[in-house]
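Here are some friendly notes to read alongside the model. Please keep the structure open while you go through them.

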Amino acid sequence: MATAQSLPSLGDTERGELSPLMERKLGEQIMRDIRRDRDYLDDAPLLEYLNNFGSGLVAARPEARGEAGYDFFFFAVRDPMLNAFALPGGFIGVHSALILAAQNESELASVMAHEIGHVAQRHIARMLGKQRQDALIPLASAVLAALAARSNPDASAALLMGGQGMALQRQLNFSRDAEREADRIGLQILREAQFDTSGMIAFFGRMQNATRSYTDAAPAYLRSHPLTTERIADIQARIRDQPYRQHADSIDFYLIRSRVRVLQDPSPQGLLDAEVAFEKQLQQKARMQIIAAKYGQALVALRQGAPAKAQELLKDVYAAMSPSGTQSPILTGLSIEIKLAANKSAEALKEAEAARTKYPLSRGIAQQYADALIAADHLDDAIGYLRDQAQLYRQEPKVQEQLAKAYAAQGKQALQHIALAESYALSGSMPAAIDQLGIARRSSDASFYDQAVIDAREREFKARWMEEMKEGQQER
């Protein structure tokens, strides 16, 4: 059996041009821009599910991390086009529509495993390898434009400068050899992770059939990942002699699909459309579908400002789950969110404390625990907890946002604005971070120590901002 290590390395002549370190830096620059986009789904349960799911795929075949040994990060963006994409350095994005289109976890795994294959073989790095390494910012902008063009050519027009953006768009449409290589690695990952490998054929085939519904273009995923008859035949040949393996989908998969349906269009009309979809889902009479539909209805009710109704619907979810009593941090998280919305802070804190013990690795539960401490006016405990979290998770803006909220509740203005500055800096908004430090300096309660911290961070942030401005001028 071929392994990822024995597969051919495409584009070896370019290997030295874009180092793994620079590839990661490029990916991080692109991600800073993506995270600031309103369509980036910064939703803790969704991010947690995708990263747990994706990490399981990578763990099943550790060599998929490739020669660079990347830490993968999986995320979702709000987009009605079926698409997924890999960025330099181990960042993998999935469109909300693709998550909704996947009928089981094997189908979702087939797409994510394929993207992992592109990262493992450094296909993007090699296609971009001839770019100068001191031009990462212009390159990042062009890559973003190319990604936008896959979904909506008009939306990316402002980002495409001259012929560079269009050339990169063509480059990001992987070659047939790269696609076959990613397919092979993806299939190996699916086998090792105990997923049904026929899910790749089923999902790709359904997307190919969907082209008949498009009058002028194929689905975005098929445009950026050309799906030829030869490629499908190659995948079929590779799985023909493999025994069928049924994969039991997790409850979280169904819950997340319902959550994504709500997140995809949070407008009042979008919530009404989601309600209609959940009503139709209930008619399927399948237990998992009923649980997921009721969860979706509860989430819609909460978003519509009706926590009491959401609580009743969540009770229906738990009733539908009996007698198995399956547990999920996604359900627990919704229960805590409902209690916080209903101003039942003591109950929310009690449930969050129990959940933190039960799900110690859940970042979403950790955030809700901090929210519950603040809501219950346990401000000293919240600040102590969040300070510890800030040391453990130095790259999470949310922790600093919550810390700022806790300081504000205590009336500590200088510390509030210092925390906000840290949050903005982590989000890549240096001018806003510097402004917050200025507000902190002028606060009447700023101590001598606070002023020293403000001065040091301001020097650092201004230096970083000047560097970004210089790189921006090089781009123009």
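1. A word on the basis. This is a predicted model, in which local features need pLDDT of at least 70, side-chain atom pairs count only at pLDDT 80 or more, and totals for chains, interfaces and linings use all residues. Residues are numbered from 1 along each chain as its sequence is written, and side-chain values use heavy atoms, with hydrogens and water left out.

2. How many cavities of 30 Å³ or more does a search of the whole structure find? The search finds two. A cavity here is a set of points, on a 1 Å grid over the protein atoms alone, where a 1.4 Å probe fits but cannot get out; lining residues have an atom within 4 Å of a point. Points are joined across faces, edges and corners, and a volume is the space filled by probe spheres set on them.

3. The largest cavity has a volume of about 40 Å³. Its lining numbers 12 residues, and E23, L87, H118, V119 and I124 are the ones nearest the centre. At least two lining residues come from each of β2 (84–87), α4 (105–120) and α5 (123–127), and α5 gives the most, with three. Helices (H or I, at least four residues) and strands (E, at least two) are DSSP runs numbered from the N terminus. By class, the lining has six nonpolar, four polar and two charged residues; Ala, Val, Leu, Ile, Met, Phe, Trp, Tyr, Cys and Pro count as nonpolar, Asp, Glu, Lys and Arg as charged, and the others, Gly among them, as polar.

4. The second largest cavity holds about 30 Å³ of space. Its lining includes R363, A370, Y385 and Q402. Here α18 (363–375), α19 (379–392) and α20 (397–410) each supply at least two residues, with α18 giving the most, four.

5. Turning to the cores, the largest nonpolar core has 74 residues, and L46, L57 and I116 have the most contacts inside it. Helix α14 (residues 287–303) provides the largest share of this core, nine residues. Apart from it lies another core of 26 residues, among them A366, L373, L379 and A390. Such a core is a set of buried Ala, Val, Leu, Ile, Met, Phe, Trp, Tyr and Cys residues joined through side-chain atoms within 4.5 Å. Buried means under 20% relative accessible area, exposed over 50%, and partly exposed in between (1.4 Å probe, protein chains only).

6. Helix α19 is worth a look. Its 14 residues should span 20 Å at 1.5 Å a residue, and the end C-alpha atoms are 20 Å apart, which agrees; the expected span is 1.5 Å times one less than the number of residues. The buried residues of α19 are L379, A382, I383, Y385, L386, Q389 and A390. Their cover includes α17 (345–358), α18 and α20.

7. L340 sits in helix α16 (residues 329–341) and is partly exposed, at 23% relative accessible area. Leaving aside neighbours within four places in sequence, L340 is in contact (heavy atoms within 4.5 Å) with A348, D371, A372 and A375. L340 and A372 are 32 residues apart in sequence and 7.1 Å apart in space, C-alpha to C-alpha.

8. Which backbone angles might you check? K285 is not a glycine, yet has a positive phi of about 65°. K285 lies in the loop between α13 (268–282) and α14 and counts as exposed, at 67% relative accessibility. N343, in the loop between α16 and α17, also has a positive phi, near 60°, in a residue other than glycine. N343 is exposed, with a relative accessible area of 69%.

Definitions and conventions
1 Å grid on protein atoms, 1.4 Å probe; cavity = no way out; pocket = protein on both sides within 12 Å on 5 of 7 lines; lining within 4 Å.
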